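Me: I would like to learn how to read a model of one protein chain. Please take me through its main features.

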Amino acid sequence: MKHVFSFPISLAVLLLFSALMPADAQKRGYDAKRDIGIAKELYDAGQWASARSRFEAAAAALDEGKSAEQAEIQSYIVLCAIGEGVPGLDGMVEGLEKSYPYAPMVSHVKFVLSSRYFDEKEYGKALKLENSIKSTKLYRSERDRYGFEKAYSNMMFRNFEEAEAGFRKVSGMNYGRYTNPSNYYLGYLYYMSGDFEAASGCFEKSARDGRFAVYSKYFLLESRLMLKDYGFVVENGPVLYGEVPENYKAGLSRMISNAYYEIGNIGKAKEYLDDYRNSGADFSRKDSYYAGLISYSIGQYIPAIEAFTRSTGEDSLGQNAYYHLAKTYLKVRNKHAALASFKFASELGFDPVMAEDAFYNYAKLSFDLNSDVSGFDSYLRAYPGTSRADEIHDYMAASYIIRKDYQSAIDALRLIRKPTELTRKNLQRAAFFRGLEYVGMRSYREAADYFNTALDNDVDAGVTDLSYLYLAECYYRDGKYAEAISIDGRLARNRSSRNASFYPAAVFTLAYSYLKSGDYRNAANWFRTYLDLPSADRPWDADARARLADAIFMQKDFPRAADAYQGAAAAGGPEADYAMYQSAISYGLMNDETSKIRILDSIMKGPSNAGVYPMAVFELGRTYVRKGDKGNARLCFEKLMEGPTDSTFYAKSLLELAMMASNSGDYDGSINYYKTILEKYRLSSVTEDALSGLESVFQTIGKPEVYLAYLDSLGMSAHKSASEKELMLFNAAEQKYLSKDYGSAIASLRSFLEQYPDGIKNSQAHYYLAECYRNTNRMDAAADEYLKVMNLDDKEFIEPATLNYAEVSYNTDHFDEAVKAYETLSYIATNDNNKHIAAIGLMLSCFKDRMWEKAVSQAEKVLSMKPLSEDEMTRAQYVIAKGEISMGRREDAKKMLKNLSQKPATPEGAESCYLLAQDAYDEGDFDKTEKLVYAFSDSGTPQTYWLAKSFIVLGDSFADRNDWDQAKATFDSIKENYKPRDDKDDILGQVEMRLKKIDSMIKKEDEND
């Protein structure tokens, strides 16, 4: 800022007159006081060189003792030098201050020099002087200017606190030339520090000054924008747009656009943003991000994706861009791209709140796309205190329940810290259905645990009753009859249960439990209660009639038992033959041999494959023996010997024939029968009797030495050793096992193991027992026995036991145990077939146990095996594809899925076709989805489940395009034509859910129209 001086006319005349005077006249009578006055007038007129000459002359003429006058003159001399701009001004000022430290004009001189530096924009030099000036020593008229310049210099040197204080002080002075400049720059400082409220007040003041009006209004507008006073911006911005210089219009357009965006006027926001874009201004990443927000807001998702993509980067703006890019990808149904963008946003920590939300959405999408829980696990480890933990587990559980993956649902629900009633209801239902799955796998012990879990979460009374019912059944199957009786007794005796659908089952199981526990009176009573129910409610009628007769029989009420058995036989069904046989036994115990023989004879004349046939014929033969009818007795025993040589009754029939021959005096015939038993069935249950009988015959004919010699030839002593007795007992049990009489075999084998817990046949007995349990659908008990064999380390049985244990574990969903068993089998297998089975089993078990990396690795090993069937190759490829999907390696998975999809007739190929269609849908590529689904349909695949799943995806793609008619037609077609595979089939449930949603959307659109 330049000094402004005026030149009075009287002074000009004086100067002219002075210049015309003779020099000698000037020397004569020199008047210093007058000359100083003239010098001051010259100084005030800006004639600094002339003024300095006169001041210097006066200084030389003055008495040095007049220091006050001398200080003033020297001050003026420096001021003139400053005006002239001579070199060394700083030194001159320093010399003046040193010579006259207390001179009144020193501060003024410093101020004049600092102002010169200020005008020349040498703010460092100006500030150095300004800091040394005491404002109280300045003239009052100088103080506002000094204060402004010092504040401005501080501002230029980023001394913002000093600058702010200075501008505030000047603005508080009486209104003057520097008031509004101070307001303006003070507002700017507030603006720069983010105090937009204070800035607005200053800009409002400075806007009244024409020098600062436009710029003040501009910054005022931006301050109000930052204060979210969007109404002010949209009201004043467009007016100001016509006033500001061209180079400010771009920024103003951006501000107005932003304000319109915030108040929801997206059209105007876009209009001003387009102005900004077209202004030629540098369209920054930040601008691209904002353009993305606007495009997103008006539903223009493709331009939004392009804009957000341009604004991505590894900074705060980039994090926001990735986050909104992910949300935009979701709008176009490209879930895979959204997944990647959420991941990027979660890894940039500039905004921790956004990073956490992005991580959560990444984990959620990863779970939805790949059923991969690792994302949620990682999220919960990263944010252990998150309030979303329960929400996550609840979300996972709901998804698992929809998929009917009840075990995973239970695992998720159990992790919820603050379970609601709905949580407990879902846990109860999931546990109940998981229990049913284990019942289906004949793993009753596991099933009981889940039914107990369902009962611990007693929310739904219907589910509770059914859980009690099935729990009692599990206890019964596991031999825990007292527990079963306790539960079924409560259900059966509860009056409110009598009309319930489960009541007949409760009564039936209760009766059976009493029977198994030996309480025959209660068993009979409850079987009668069951048989008194309406016929439509008695699905186990034949069984109940036979068991009622058993209960009566066991009470030794043989007349009533005989009648009951006759009634059961007359009712037909699978128990009819057994009931006939038992009725004959009952008549025999009543000494009614005639009725007994009549019934047994009818059985013998019936089909020989009847379960009771050998028992009935043998009992008939024995009955004839007791009656003395040897001819008919012989016919019965010989008839039994016509059957398989491993028949349980073959040796028994030989013994009966031997005794009959001996009693009739046919000793040779008797000896031959006994020898047949000893030579062919040495370890049978009748061996002891055969030895005794043979000895008796030889004694009778007087040839005991022949008997002893015969025993020696057989290597048998006259008395059985302990080991021989052990083998005989084992052999009896083995014969029952081999004849597939598993119920009797179980009793015999358990008895054998109790007597010989460390016997030589221990491993084999446990193995047979395991096989019996497996064949009678008691998988838990079978697994226990196989494991005992494995721990006994018997080379003959450890390999088959390990193989069977692995298979039972796999089939009962104990995949972790199956993994260990198949790994063990792979090491101990002695033949290529079992090694092959171990490799396949290990691959499938790892896959089922969600050990994805290990499953894929094992599948790759399987693919390298020779030979490999087509089915095994397909399964290995399937494991690789699904494993890669679950680990998020989508592109690797797609390569294998495309290969598998060439075999759409197989379950794995059909699922691959579906997964490829789902992948296209998840990318938002609806045309590709449609193409893949129709191609799958045209393949003629018999895999209707996966075809239906694919058409559901197709229907979803129509719905996402708001093509409600086409979507509804697709879902209706599935509903009309699809036949569920089993109770776990979820197709029709998914279709019904979608049809309801479509009806709701159509209704909503109609209402809006």
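Reply: We can begin with the surface. This is a predicted model, and its chain has an accessible surface of about 49500 Å². Carbon and sulfur atoms hold 50% of that surface.

Me: What does the secondary structure of the chain come to?

Reply: Count the runs of each type. The chain has 55 helices and zero strands.

Me: What percentage of the residues in the chain is buried?

Reply: Of the 1009 residues, 49% are buried. C772 has a relative accessible area of 0%, so it counts as buried, the cut-off being under 20%. C846 is also buried, with a relative accessible area of 0%.

Me: How many disulfides does a search of the whole structure find?

Reply: The search finds zero disulfides.

Me: What share of the contacts joins residues 24 or more positions apart?

Reply: Take the contacts in the chain with a separation of 6 or more. Residues 24 or more positions apart account for 51% of them.

Me: How far apart are the mean positions of the positive and negative charges?

Reply: Average each set, then compare the two points. The chain has 125 positive and 147 negative charges, and their mean positions are 3 Å apart.

Key: Residues numbered from 1 in each chain as written. Predicted model: local features only at pLDDT ≥ 70, side-chain atom pairs only at ≥ 80, totals over all residues. Heavy atoms only, no water. Helix = DSSP H or I, 4+ residues; strand = E, 2+ residues; numbered from the N terminus. Buried < 20%, exposed > 50% of the residue type's maximum accessible area, 1.4 Å probe, protein only. Contact = heavy atoms within 4.5 Å. Areas by Shrake-Rupley, 256 points an atom, 1.4 Å probe, with all protein chains shown as cover. Lys, Arg positive; Asp, Glu negative; His and termini not counted. Charge placed at Lys NZ, Arg CZ, Asp CG, Glu CD. Disulfide = S-S within 2.5 Å.
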